[in-house]
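Thanks for coming. I have one structure to go through today, and I will keep it short. Please have a look at it first.

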Amino acid sequence: MTILRIIWEEFIGMFIDDGALALFALALIAAVSLAIKFAGLDPLTGGGLLLVGYLAILAESVHRFAAKKRG
Amino acid sequence: MDNFTTISSTIFTSFLASFVEIVEAFTIVLAVGLTNTWRSAFTGTALALLVLIIMILVLGPLLQLVPLTALQFVVGVLLGLFGMRWLRKAILRASGFIPLHDEEKAFREETEALSKQRGLGRADYLAMIAAFKAVLLEGVEVVFIVIAVGSTHGLTLYASLGALIACVLVIGTGLLVHKPLARVPENSLKLVVGLMLTSFSIFWTGEGLGVAWPGEDFAIVVFFVILSVFSAIAINLLKSSHATLAKEPAL
């Protein structure tokens, strides 16, 4: 059971370091998916939004970390 | 992108990502071998490899049951979280906000911890567990990378080949020099891997959502370039901000 727990914790840790980054990324993917499936958003536009969204999320995450360090 | 380029980029991504992980695991196994006994180091490593093989044998057939589009979507999402985590850390390291990963320091710390345990009755067992955990934890990441990079295009064997080459190269070099591979530019490699994995992620998540990317697989290269430019700008901006912070007098 300890081995399974170690693997599980490592597995989760692989994806979540900055909780807000993971949450924003999942929210972005969910929003784009729903917009494509139910709101008739052009898939290619949705793909573009994914790229721009990823960049914005990364920028926010590193900026927030730096701001925190600066106090 | 033609078939050759798809295969070579899969092998290359898997090789680079696995290389970094295996270097980290090797440092701990080496510390165990040199401080305790090589038997503890090899036993821990072998047991961890056994657990990893079981994981692959269980996960491999399960993945084949998942429809391709669903698989692309799920792998794309997980790879996005994984790749952005690496990219974020690499940007923060390159700009000086978090310390660079230092294999020699990791080796020193592990050696010190193992030396303290040497007098204990369970020293061999604890050393074996240290090797086991290091190989298992880094190995789980290698397994994920191989599956994620290879499964969506049916190239798991090629991705495994990349990981295998990395493994042979690290162990071969390590046995030759008999010390931690501190000269490997780990942080730069992690930045490149973060860029590659995030590029793959955007591509596959999009494909899973029905996006027909212009230029097909070549879109991955375009994402890589865009992400690289973004990272370079972010590193430069953060570096100057960090330099200003360092110059400010402490209150």
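I start with S18(B), which sits in helix 1 of chain B, the helix that covers residues 3-35. Keep in mind that this is a predicted model.

Is S18(B) buried or exposed? S18(B) has 29 other C-beta atoms within 10 Å, and the cut-off for buried is 20 or more, so S18(B) counts as buried.

Which residues does S18(B) touch, if we leave aside its neighbours within four places in sequence? The contacts are V142(B), I145(B), G162(B), A163(B), A166(B) and C167(B). One distance to go with that: S18(B) and L164(B) are 146 residues apart in sequence, yet their C-alpha atoms are 8.5 Å apart in space.

Staying with helix 1 of chain B, its packing against helix 2 of chain B, residues 38-64, comes next. The two axes are 6 Å apart, and the angle is about 150°. From helix 1 of chain B, the residues involved are V29(B), V32(B) and G33(B). Facing them from helix 2 of chain B are W38(B), S40(B), A41(B), G44(B) and T45(B). By class, that contact has four nonpolar and four polar residues, with no charged ones.

Last, the contact between the chains. Chain A puts in 32 residues and chain B 36 residues. On the chain A side, the elements that give two or more residues are helix 1 (2-15), helix 2 (19-38) and helix 3 (43-70) of chain A. Helix 3 of chain A supplies the largest share, 16 residues. Sorted by class, the side of chain A that touches chain B has 23 nonpolar, four polar and five charged residues.

How values were computed
Residues are numbered from 1 along each chain as its sequence is written. Chains are lettered from A and ligands numbered from 1 in the order in which they are written. This is a predicted model: local features need pLDDT of at least 70, side-chain atom pairs count only at pLDDT 80 or more; totals for chains, interfaces and linings use all residues. Two residues are in contact if their C-beta atoms, placed from the backbone, lie within 7 Å. Helices (H or I, at least four residues) and strands (E, at least two) are DSSP runs, numbered from the N terminus. Ala, Val, Leu, Ile, Met, Phe, Trp, Tyr, Cys and Pro count as nonpolar, Asp, Glu, Lys and Arg as charged, and the others, Gly among them, as polar. A residue is buried if 20 or more other C-beta atoms lie within 10 Å of its own, exposed if 12 or fewer, and partly exposed in between; C-beta atoms are placed from the backbone. Axes are lines fitted to C-alpha atoms, for helices over the stretch in contact, and angles run from 0 to 180 degrees between N-to-C directions.
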